[in-house]
Amino acid sequence: LIVQGELQILGAPNDPVRLSSMGTSNWKGIFLDSSRRPNKISHCTISNAEFGFRASQSDVSIHNSQFQNNIWGIVVEESSAKLSNSLIRTSIKSGIAARQAQLFVNNCVITENSSGGFLLESSKAQIKQNNILNNGGWEIKVLDKKGQVNASKNWWGNEDPAQKEIIGSVAINPPLNSPIKFNVIE
């Protein structure tokens with residue numbers, strides 16, 4: 001699904017929008033291209049896609065949604081993205097990847113992504129009040145020194161984030177003392 005206009009996926013708490021492949025192979029997913037309009041995904045589950053959601057040169061807010069069993073969970077390039085109250089899990093690659101982007105992630109669970117949780121390049125990111133744990137190679141990986149990543153006040157699976165694989169310049173202190181409460185979309 002390629003969107004070059006405005007994207008509004010607006011499910012309800014008791015009636016979420018569900019997008020998935022029909023067969024055994026993955027579908028390409030949702031690609032938002034060059035849209036600075038108020039794009040919004042809310043109460044939506046996206047699974048079994050190459051890219052659960054991908055944005056290029058766009059602005060988007062994602063709330064109360066779930067991305068699981070995708071190759072890439074969420075990818076934002078030269079974009080601005082706000083994610084809250086969402087689950088990003090079991091991606092084959094990274095749960096959330098950003099390049100030359102502005103990223104705000106709050107009250108989300110990023111877990112069990114095979115390569116890693118966050119992969120950030122030349123991006124400004126505020127990652128707060130999340131559960132970030134049990135990801136493959138790393139929890140957060142910053143590929144350069146140009147990015148500004150504030151990942152304080154997150155739960156890392158224990159109270160000592162220094163025991164986790166955090167690569168690059170990332171502010172992680174103080175951590176949360178316990179996980180955030182989170183409800184999975186059924």
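Tutor: R89 is partly exposed in this predicted model, because its relative accessibility comes out at 24%. Its side chain meets that of E112 in a salt bridge, 2.7 Å from N to O. R89 sits in strand 12, while E112 belongs to the loop between strand 15 (109–111) and strand 16 (116–121), so the pair ties together parts that are 23 residues apart in sequence. E112 is also partly exposed, at 36% relative accessibility.

Now look at S91, in the loop between strand 12 (87–89) and strand 13 (94–99). S91 counts as buried because its relative accessible area is 0%, and the cut-off for buried is under 20%. Leaving aside residues up to four places away in sequence, S91 touches N70, I71, W72 and G73, and also E112, N113 and S114.

A search of the whole structure finds six salt bridges. One of them joins R54 and E77, with the closest N and O atoms 3.2 Å apart. R54 lies in strand 7 (residues 49–56) and E77 in strand 10 (residues 72–77), so this pair, too, links parts that are 23 residues apart in sequence. R54 is partly exposed, with a relative accessible area of 25%, whereas E77 is buried at 15%. Both belong to a network of salt bridges that also takes in E78 and R99.

Then there's D59 with R36, whose side chains meet at 2.9 Å, N to O. D59 is in strand 8 (residues 59–63) and R36 is in the loop between strand 4 (27–33) and strand 5 (39–42), so here again the parts tied together are 23 residues apart in sequence. D59 counts as partly exposed, with 26% relative accessibility.

Seven strands make up an open, parallel sheet in the order 2-5-8-11-14-17-20. Strand 2 (8–10) and strand 20 (148–150) are its edges, each pairing on one side only. On average, neighbouring strands of this sheet are turned by 10° against each other, direction ignored. For a look at one pairing, take strand 14 (residues 102–106) and strand 17 (residues 124–128): they run parallel and are joined by five bridges. Q102 has K124 as its bridge partner in strand 17.

How values were computed: Residues numbered from 1 in each chain as written. Predicted model: local features only at pLDDT ≥ 70, side-chain atom pairs only at ≥ 80, totals over all residues. Heavy atoms only, no water. Helix = DSSP H or I, 4+ residues; strand = E, 2+ residues; numbered from the N terminus. Buried < 20%, exposed > 50% of the residue type's maximum accessible area, 1.4 Å probe, protein only. Contact = heavy atoms within 4.5 Å. Pairing = 2+ DSSP bridges. Axes fitted to C-alpha atoms, helices over the stretch in contact; angles between N-to-C directions. Salt bridge = Lys/Arg side-chain N within 4 Å of Asp/Glu carboxyl O.
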